[in-house]
Amino acid sequence: GLEVLVDAFIELRNGLGHPDCRLGIAGTCTKGDEALVAEMEAKLAEAGLAEAVEWRPNLSREEKADFLRRLTLFSVPAIYPEAFGLYAVEALASGVPIVQPDASAFPEFVGATGGGRLFDPGDPKALAASWKELLDDPDEIRALGDRARRGAAEHYSVAAMKDGFTALAERVLTPAGAPAAE
């Protein structure tokens with residue numbers, strides 16, 4: 001989804017009137033990703049936005065936590081089915097609202113936490129419009145961030161995941177008609 005992210009940023013900056021926004025791109029970058037990254041860097045340079053983008057490949061855990069704390073919004077516009085999307089939960093837990101495709105696990109995250117928005121998958125203009133709507137309403141960004149943090153703790157913390165797994169295991173492993181263990 002890097003192409004969608006870059007196209008959405010160009011649309012936000014050059015088309016929707018947010019000339020001061022910056023884009024931070026972080027994550028794993030392998031040898032196989034280098035050609036696409038170079039292509040996206042050239043596209044940003046052609047749009048006059050190369051200096052507005054911070055590239056942070058292959059961050060340590062501490063660097064990733066710092067990166068997330070500095071964000072206003074978080075998006076990974078995945079264009080393939082995402083089984084879980086731990087990165088979205090990490091952003092939510094950091095109090096950063098997510099703007100994610102209306103697909104895979106993302107509607108569940110937004111529904112459970114109230115900490116984000118969804119957009120039409122693969123549509124950079126829809127992503128840019130969602131960003132603009134939120135950036136035009138800083139109070140809503142703060143409210144989403146608060147809900148994101150609380151919702152992640154309630155639904156996706158280690159304790160919440162353990163309790164959910166235990167309850168599921170008990171339902172699956174308890175013979176029909178037998179009382180559940182207490």
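Reader: In this predicted model, which residues is Val99 in contact with, leaving aside its neighbours within four places in sequence?

Author: Val99 is in contact with Phe74, Ser75, Val76, Arg117, Phe119, Leu127, Ser130, Trp131 and Leu134. Val99 itself sits in strand E3, which covers residues 98-101. Its C-alpha atom is separated by 5.6 Å from that of Gly116, 17 residues apart along the chain.

Reader: Why is Val99 called buried?

Author: The relative accessible area of Val99 is 0%. Buried means under 20%, so Val99 is buried.

Reader: Is Cys21 buried or exposed?

Author: Cys21 has 14% relative accessibility. The cut-off for buried is under 20%, therefore Cys21 counts as buried.

Reader: Why does Cys29 count as partly exposed?

Author: Its relative accessibility is 24%. Buried requires a value under 20% and exposed one over 50%, so Cys29 falls in between and counts as partly exposed.

Reader: How many disulfides does the count come to?

Author: The count is zero. A disulfide needs a pair of cysteine sulfur atoms within 2.5 Å, and by this rule none is counted.

Reader: Where does Glu82 lie, and what is the nearest side chain of opposite charge?

Author: Glu82 lies in the loop between helix H3 (61-69) and helix H4 (86-93). The nearest side chain of opposite charge is Lys64, 12 Å away. A salt bridge requires a side-chain nitrogen of Lys or Arg within 4 Å of a carboxyl oxygen of Asp or Glu. Glu82 has no salt bridge, yet is buried.

Reader: What is Glu82 in contact with, leaving aside its neighbours within four places in sequence?

Author: Glu82 is in contact with Tyr87, Ser104, Ala105 and Phe106.

Notes
Residues are numbered from 1 along each chain as its sequence is written. This is a predicted model: local features need pLDDT of at least 70, side-chain atom pairs count only at pLDDT 80 or more; totals for chains, interfaces and linings use all residues. Side-chain values use heavy atoms; hydrogens and water are left out. Helices (H or I, at least four residues) and strands (E, at least two) are DSSP runs, numbered from the N terminus. Buried means under 20% relative accessible area, exposed over 50%, partly exposed in between (1.4 Å probe, protein chains only). Contact means heavy atoms within 4.5 Å. Lys and Arg count as positive and Asp and Glu as negative; His and the chain ends are not counted.
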